[in-house]
Amino acid sequence: MSTQIQSLQARRIWDSRGRPTVEVDVHLEGGAMGRGIAPAGASTGSHEAIELRDGGADFGGYDVQKALANVMREIAPAIIGRDALDQRGVDDTLIALDGTSNKARLGGNALIATSMAVLHAAAASQRLPLWRYLQSTSAAPHDQSVILPLPEIQIFGGGAHAGRRIDIQDLLVMPVGAQSMAEALAMVAEVYRAAGDLMADAGRRAGVADEGGWWPDFANNEEALQMLTRAIEKAGYRHGEVMISLDIAASEFGSGGVYRPGLEKRAYDTGEWIEVLLRWLATYPILSIEDPVAEDDTAGMIAFTAAAGHKVQVIGDDYLVTNAARVRDAAAQKACNAVLIKPNQAGTISETFDALQAAKACGFSTVVSARSGESEDVMISHLSVGWNAGQLKVGSFARSERMAKWNELLRIEEAVGARARYAGADVLPLVGI
Ligand code: 2PG
Ligand code: MG
């Protein structure tokens with residue numbers, strides 16, 4: 001079956017926040033088809049691939065007509081006739097065609113939707129599920145176990161995903177004590193329900209935030225941590241079974257070494273802010289913390305990792321923006337010990353893979369991640385398994401753009417059968433537990 005790219009079709013569809021986004025279909029000569037959909041962040045790193053938005057009055061300036069036109073007028077002629085099995089070659093063509101360091105000309109949204117569509121089409125042409133296609137293209141021996149990722153699942157949303165009602169952006173749980181993906185999701189379902197019940201009992205159940213976590217109706221940040229700890233206990237889990245992960249997303253309220261969390265009614269310098277975080281780490285069962293300080297605060301990342309990196313996973317998200325060179329620099333400086341892997345931060349699938357491989361080579365743990373603006377596409381579930389990432393972050397345990405990705409992991413676990421191994425406890429040695 002010929003795997004040459006025959007045609008592309010770009011269209012505007014709508015993401016999980018009801019905003020326009022780019023969808024691209026790639027058709028191959030042999031009849032296979034792949035479809036990619038660009039996700040979108042709300043708390044974005046300043047070094048991410050640029051999303052091309054039209055501006056103007058329509059849809060709050062979020063329309064994507066320019067990006068769609070770029071797919072049809074420039075990208076399609078450049079990659080029609082190319083072999084979809086040569087992902088690297090296609091992605092290199094996209095990068096060269098754009099010609100900027102941050103995908104600003106054609107748009108990171110145009111590029112990632114195209115790159116994803118090519119990958120989906122390639123897997124379809126081989127009649128393989130995507131996770132299996134990715135494994136077949138890697139050097140890994142086929143008889144080894146297939147790793148199902150430890151999930152990070154949001155229970156309360158916050159920050160830019162909840163009108164800045166609290167400062168912490170994501171309060172998540174990690175079911176490290178589960179034995180399988182099926183058990184892991186069942187455990188989180190109980191914690192999510194318990195948190196909702198506790199909020200209802202307190203008269204504070206006020207809907208959900210952008211990623212489906214409960215709306216954070218709290219007087220201060222620490223109250224959210226207390227409520228999450230209670231929810232884990234109410235669901236019947238102990239320390240070491242279900243642990244907490246936080247995305248501070250500190251760039252949203254800090255820069256230049258000054259932190260002004262809206263709920264704390266005072267400013268902190270980097271050292272004082274780190275003291276606050278270390279006190280939380282000493283008080284609550286926290287296993288992982290993301291972007292503890294702002295993306296411009298390298299000294300703060302180094303200081304925090306020196307103080308806490310032996311007992312918690314320290315993830316760079318806005319700090320590393322899925323960029324292999326930034327990952328290597330961070331490892332050399334000991335500025336964190338883990339990376340978030342978001343395809344649309346990089347702009348192509350191949351660059352995303354490079355960031356993941358660079359992180360593994362540095363001994364970092366790797367967390368494949370969705371964005372706060374998502375779609376029905378489940379590619380990241382497959383990337384987490386096919387690339388053996390070990391961890392996956394998708395938002396909460398509600399809203400179908402999130403549940404589609406968790407549910408896909410159940411199907412993959414079932415398809416893998418006896419070779420499946422759930423990565424639950426794999427992160428613990430990294431942090432000395
Ligand atoms: C993050 C993501 C997901 P956004 O910061 O990790 O929670 O948010 O997509 O808005 O950057
Ligand atoms: Mg983040």
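**Figure 1. The largest pocket of the predicted model has a volume of about 510 Å³.** Its lining comprises 23 residues, and those closest to the pocket centre are Leu134, Thr137, Ser138, Phe353 and Trp387. By residue class, the lining of this largest pocket divides into 11 nonpolar residues, 10 polar residues and two charged residues.

**Figure 2. Helices and domains contribute to the lining of the largest pocket.** At least two lining residues come from each of helix H2 (87-98), helix H4 (130-137), helix H11 (349-361) and helix H12 (379-386), and H11 gives the most, with five residues. Because domain 1 (5-127) and domain 2 (146-430) both give residues to this lining, the largest pocket lies between the two domains.

**Figure 3. Ligand 1 is surrounded by a shell of 15 residues.** The closest of these residues are Ala42, His161, Arg371, Ser372 and Lys393, and the shell as a whole divides into eight charged, five polar and two nonpolar residues. Both domain 1 (5-127) and domain 2 (146-430) are represented in the shell around ligand 1, each with at least three residues.

**Figure 4. Side chains of His161, Glu290 and Asp317 place polar atoms beside oxygen atoms of ligand 1.** An N or O atom in the side chain of His161 is 2.8 Å from an oxygen atom of ligand 1, while a polar side-chain atom of Glu290 lies 3.0 Å from a ligand oxygen atom, and a polar side-chain atom of Asp317 likewise lies 3.0 Å from an oxygen atom of ligand 1. Of the 310 Å² of accessible area that ligand 1 has on its own, the protein covers 99%.

Definitions and conventions:
Residues numbered from 1 in each chain as written. Chains lettered and ligands numbered in written order. Predicted model: local features only at pLDDT ≥ 70, side-chain atom pairs only at ≥ 80, totals over all residues. Heavy atoms only, no water. Near = heavy atom within 4 Å. Polar contact = N/O pair within 3.5 Å; in protein donor to acceptor, adjacent residues only side chain to side chain. Areas by Shrake-Rupley, 256 points an atom, 1.4 Å probe, with all protein chains shown as cover. Nonpolar A, V, L, I, M, F, W, Y, C, P; charged D, E, K, R; others polar. Domains from an automatic or database assignment. 1 Å grid on protein atoms, 1.4 Å probe; cavity = no way out; pocket = protein on both sides within 12 Å on 5 of 7 lines; lining within 4 Å. Points joined across faces, edges and corners; volume = space filled by probe spheres on them. Helix = DSSP H or I, 4+ residues; strand = E, 2+ residues; numbered from the N terminus.
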